[in-house]
Amino acid sequence: MSELLNKQYRLAKRPVGEPGDDTWEFCEKPVAQPGADEVLVKIQYVSLDPAMRGWLNEGKSYIAPVQIGDVMRAGAVGEVIASNHDGFSPGDMVVGTLGVQQYAICNGKELHKVDTRIAPAPRYLGVLGMPGMTAYFGLLDTGKPQEGETVVVSGAAGAVGGVVGQIAKIKGCRVVGIAGGAEKCRYLIEELGFDGVVDYKNEDVMAGLKRECPNGVDVFFDNVGGDILDAVLARINLHARIVICGAISQYNNTKPVKGPSNYLSLLVNRARMEGIVVFDNSKHYGKAAMEMAGWMAAGKLKAKEHVVEGIENFPNTLMMLFSGDNFGKLVLKVTDN
């Protein structure tokens with residue numbers, strides 16, 4: 001494999017605020033041979049997720065930070081082109097944490113086979129991957145929606161939010177999405193079947209929530225944090241459940257993170273706010289994937305990917321997550337050498 005060159009992005013320095021050009025080192029290195037029990041994967045698509053911003057920070061978290069000089073961590077899907085592991089053969093399609101690069105060598109136990117005859121490769125980074133698992137377990141196990149309840153989702157047109165809303169509809173809930181822009185809001189209603197939307201870019205969120213949630217909010221699945229979290233807390237019902245999945249509005253702050261200013265609403269309404277990390281449910285991914293695949297086959301669950309081509313475009317494409325420019329699950333298509 002020495003004739004192959006591997007283009008990759010490594011962490012050069014920890015950013016303060018938004019990651020800039022000096023955050024990354026773009027380099028080319030020869031592709032090595034896999035060792036014992038290792039597999040060489042030619043990556044086709046890299047997943048870009050809001051959680052990647054948190055992985056750049058030093059300090060205690062649910063996962064160790066990316067170290068200076070390391071290849072940037074990312075989920076990816078690709079094809080096995082060489083294997084010293086009994087469980088994998090050249091031609092197998094696999095998904096795993098392979099990094100922002102064209103080729104990856106990893107232990108076979110870190111990979112999972114996928115069938116691209118059933119679903120296209122990018123889908124295993126979206127609704128059938130980590131975002132889908134996050135939506136499934138975060139809503140059903142933590143949010144515990146009941147038929148007839150009102151479920152509100154922030155970041156509703158994103159990879160996680162869109163799946164959350166559709167699962168809530170499958171469970172018989174009234175679903176209201178918070179998203180930015182007329183196109184995204186129209187998509188939520190017309191394509192995903194949401195009952196109502198609040199366009200945070202073009203209307204007052206408090207007024208929108210009052211209009212769309214006249215009977216209050218029973219479950220809030222939060223991907224955004226900040227002022228939107230405050231606004232929803234003002235509308236929650238008795239025994240409401242607030243699922244904290246992310247806070248993308250806060251990730252690039254250079255000042256302290258803004259917490260909920262009206263958290264006493266939790267006390268008054270005897271409500272619960274709980275954070276979720278998808279990896280806690282890894283033992284049950286198979287069950288969730290089977291159920292969601294069934295919903296997709298029945299036309300009850302739809303998926304949308306936003307694909308950007310070229311590994312060289314990684315830094316700018318990552319920033320689309322924070323500007324809200326992506327529409328659906330954001331993935332980077334890795335082109336050949």
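**Close-up 1. Who supplies the lining of the second largest pocket.** At least two lining residues of the second largest pocket come from each of β4 (75-83), β5 (93-97), β7 (112-113), α2 (130-143) and α8 (285-297). Helices (H or I, at least four residues) and strands (E, at least two) are DSSP runs, numbered from the N terminus. This is a predicted model, with local features needing pLDDT of at least 70 and side-chain atom pairs counting only at pLDDT 80 or more, while totals for chains, interfaces and linings use all residues. Residues are numbered from 1 along each chain as its sequence is written, and side-chain values use heavy atoms, leaving out hydrogens and water. The biggest contributor here is α8, with four residues.

**Close-up 2. Inside the second largest pocket.** Its volume is about 870 Å³. Of the 30 lining residues, Val-95, His-112, Gly-129, Met-130 and Tyr-285 sit closest to the centre. On a 1 Å grid over the protein atoms alone, a pocket is an open set of points with protein on both sides within 12 Å along at least five of seven lines, a cavity is a set where a 1.4 Å probe fits but cannot get out, and lining residues have an atom within 4 Å of a point. The lining splits into 17 nonpolar, eight polar and five charged residues.

**Close-up 3. The largest cavity.** The count comes to two cavities of 30 Å³ or more, and the largest holds about 130 Å³ of space. It has 16 lining residues, with Gly-158, Ala-159, Val-163, Ala-303 and Lys-304 nearest its centre. Helix α3 gives the most to this lining, three residues. By class, the lining of the largest cavity has seven nonpolar, five polar and four charged residues. Again, domain 1 and domain 2 each provide at least three residues of the lining of the largest cavity.

**Close-up 4. Helix α2 meets helix α3.** The axes of α2 and α3 (residues 161-170) come within 8 Å and cross at roughly 45 degrees. Axes are lines fitted to C-alpha atoms, for helices over the stretch in contact, and angles run from 0 to 180 degrees between N-to-C directions. The crossing of α2 past α3 is right-handed (the near helix is turned clockwise from the far one by less than a right angle).

**Close-up 5. Helix α5 packs on helix α6.** With axes 9 Å apart, α5 (residues 205-212) and α6 (residues 226-233) pack at about 40 degrees. So α5 and α6 are oblique to each other, and α5 passes α6 in a right-handed crossing.

Notes
Grid points are joined across faces, edges and corners, and a volume is the space filled by probe spheres set on the points. Ala, Val, Leu, Ile, Met, Phe, Trp, Tyr, Cys and Pro count as nonpolar, Asp, Glu, Lys and Arg as charged, and the others, Gly among them, as polar. Domain bounds come from an automatic or database domain assignment. Angles under 35 degrees count as roughly parallel, over 145 as roughly antiparallel, 65 to 115 as roughly perpendicular and the rest as oblique.
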